Amino acid sequence: MVLVVLDHDGNKLRKGSLEALTRARALAEALGSKVVGVLLAEEKAPAEEALAYVETLYTATLGPYTAEKWAAGVLAAARQVGAQAVVAPSSRQSRTYLGRVAYALKAGLLEDTLESTVEGGAVVATRYAYLNRVTQKVRAALPVVLTVKPNTTPLAEPLPTRGEVKTLEVPSVPTVEVLERLQEEKKGVSLTEADIVVTGGRGMGSAEAFRLVEELAALLGGAVGATRAVVDAGWRPYSEQVGQTGKTVQPSLYIALGVSGAVQHLAGMNKSKYIVAVNKDPEAPIFKHADYGIVGDVHQVVPALIEAVKRLKD
Amino acid sequence: MKFVAVIRQVPDGESRLKIQGNRVDLSGATLILDQMDEYAVEETLRLKEKHGGEAIVVGFGPERTEEAIRTALAMGADRGIHVVYEGFADPVAVAEALAGVIQEEAPTLVVTGGQQADWDSQALGAALAEALGVPVVSWTTALELEGETAKAKHDLDEGAEWVRVRLPAVFTTQQGLNEPRYPTLPGIMKAKKKEVKKVAFQGAPKVEILEETIQEKTRLQKILDGKDPVAAAEELVRLLHEEAKVL
Ligand SMILES: Cc1cc2nc3c(=O)[nH]c(=O)nc-3n(C[C@H](O)[C@H](O)[C@H](O)COP(=O)(O)OP(=O)(O)OC[C@H]3O[C@@H](n4cnc5c(N)ncnc54)[C@H](O)[C@@H]3O)c2cc1C
Ligand SMILES: Cc1cc2nc3c(=O)[nH]c(=O)nc-3n(C[C@H](O)[C@H](O)[C@H](O)COP(=O)(O)OP(=O)(O)OC[C@H]3O[C@@H](n4cnc5c(N)ncnc54)[C@H](O)[C@@H]3O)c2cc1C
């Protein structure tokens, strides 16, 4: 069996779940096997929606997320169905609890994969390594635990018939006690799903100047990103940070304003389709990674860009 | 109390990578203590300074990894254990190899990097926690000991949370956890004499690298002069609209 972990926000499946489903179906076909789903909930989960995609769905309600509880849930399902492969959307949380699952199953762990196929009974996948600079082709014998990098795979279509729900018994495990959740307010387009990202760096000069970054992003229907320098300075929230220790984005258009182009920043955006840089220093490393750029002061260039985009839209 | 930092040696992100025979060739690269693991070393030093006890650094990797272990010793760790393995090993295999060594020390807690700067894996801390049968707190940005437990703040996919966890436990690092100190000259001298115990790797990697490539995404590099910001902006928007077709 191929077990697919369906991630959701309580109301809807996340897009990544539909990508994971596509991968799970392809693996199951190549292995002459079937796909079953597991849907774990803190309180509620979109079981109805999930049943459109799998013939069998294991569900459990586990209270506040912890890596141990989620690992126990996935493990219980994997053992119940005798999973040869566990497939899940890649996220920080899934890459944590599936590390536990992979160890418990003594499985080959294939993290954040771009593609996956079956060759000679083993799973072969590609993924990025060395801070996103190198593409690795890796192979693991069954069983495998595989996570799917967002925006790499077509979304799965619903099945013609609805599946059935099975309740999963999840043993209780020693875990952490959640004391307080610090939710971040969500506004605008989600950074990792945005097709256009406008990032401001230390070169913006102040928190106030990010008004320009926000305006340009809103005008383009994009999301605002930030460098670590800007987050450390307290100008922007951490949730907007792009890079090695922030988010990885791969939009059609990435606009870097007053960003130097440090490797740790590049690691989060170097796969963007087009990269645009505005920097007053013609020697800034970011220009070497840019398709288009303007050597100039952001305080003059960005307002001019905003006006030029407005003219284009009219 | 015993605080263990698990570390690896990786290429400096700034150094240029080469491909030789389908694999990354690190012979010309500058190799450093992984910066995410550096946070782990720093955290164990701070815990030791505050609560007393011992800071132990456990390194995994080829012979050269001893340099990174010595860096950690120069920062102030008391002694090192080096699990020697020349090839690539996935986090499950590494966790298997390290668990025995760490169990023998019976540490108060274990800290390791949130993500490896070479294999880009985020799973070592979690796999290690599973191997040790203890909870894991990933992407930790604050850590305080409170008797038999620790209170920690860590990042989730969205937002963050405070948790309390009974020790021992494994923590993985995130930026903001601390500011790693630089080794001092006396520290470097002392590190030369500190013990580094060598242990042979027992285990079998579950994942094999077939090929490594560096994609040659050549960028267009059309860089405009912004002396006339309005004209440059106009031209950039035209290029994005007509040539790149992204606007
Ligand atoms: C372990 C580790 C992890 C890290 N993770 C990340 C990460 O996830 N994300 C990240 O971004 N960084 C990360 N960093 C930090 C990274 O190394 C850089 O320090 C950071 O990206 C620099 O941010 P910046 O480009 O905004 O600032 P700077 O490097 O200071 O660059 C500012 C740029 O703005 C330009 N400039 C200044 N004034 C103007 C103006 N008026 N008009 C136009 N241009 C102007 C300057 O020429 C300069 O190029 C990490 C570092 C470490 C060690
Ligand atoms: C983020 C990123 C990282 C890359 N890293 C490497 C690498 O480590 N080794 C490699 O052989 N090729 C790297 N490449 C591929 C590189 O862009 C070239 O396609 C290839 O190396 C041939 O380059 P060239 O002969 O034109 O060399 P150059 O003209 O010297 O370089 C071309 C490009 O490579 C970038 N580059 C070179 N080394 C690094 C590095 N260590 N980190 C970040 N950017 C780098 C330069 O900034 C420039 O954009 C990288 C590409 C990107 C986008």
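Strand E7 (residues 134-141) of chain A and strand E14 (residues 207-213) of chain B pair in the antiparallel sense over six bridges. Two strands count as paired if DSSP finds at least two bridges between them, and helices (H or I, at least four residues) and strands (E, at least two) are DSSP runs numbered from the N terminus. Within this pairing, Val138(A) has Ile209(B) in E14(B) as its bridge partner.

This is a predicted model, in which local features need pLDDT of at least 70, side-chain atom pairs count only at pLDDT 80 or more, and totals for chains, interfaces and linings use all residues. Residues are numbered from 1 along each chain as its sequence is written, chains are lettered from A and ligands numbered from 1 in the order in which they are written, and side-chain values use heavy atoms, with hydrogens and water left out.

The contact between the chains (heavy atoms within 4.5 Å) takes 84 residues from chain A and 84 residues from chain B. The size of an interface is often given as the accessible area lost when the parts come together. Here chain A and chain B bury about 7,400 Å² between them, with 55% of it on carbon and sulfur atoms; buried area is the accessible area (1.4 Å probe) that two parts lose on being put together, summed over both. Of the area that chain A buries against chain B, 11% comes from Tyr103(A), Tyr130(A) and Tyr292(A), more than from any other three residues.

Side chains of opposite charge can pair when their charged atoms come close. A salt bridge is a side-chain nitrogen of Lys or Arg within 4 Å of a carboxyl oxygen of Asp or Glu. Seven salt bridges are found across the interface of chain A and chain B. One joins Arg219(B) and Asp291(A), at 2.8 Å from N to O. In another salt bridge, the closest N and O atoms of Glu161(B) and Arg181(A) are 2.7 Å apart. This pair runs from strand E11 (residues 160-166) of chain B to strand E10 (residues 177-182) of chain A. Glu161(B) is buried at 1% relative accessibility, whereas Arg181(A) is partly exposed at 28%; buried means under 20% relative accessible area, exposed over 50%, and partly exposed in between (1.4 Å probe, protein chains only).

Other salt bridges lie within chain B. Glu235(B) and Arg238(B) form one, with their closest N and O atoms 3.1 Å apart. Both residues lie in helix H6 (residues 229-243) of chain B, three residues apart, about one turn of the helix.
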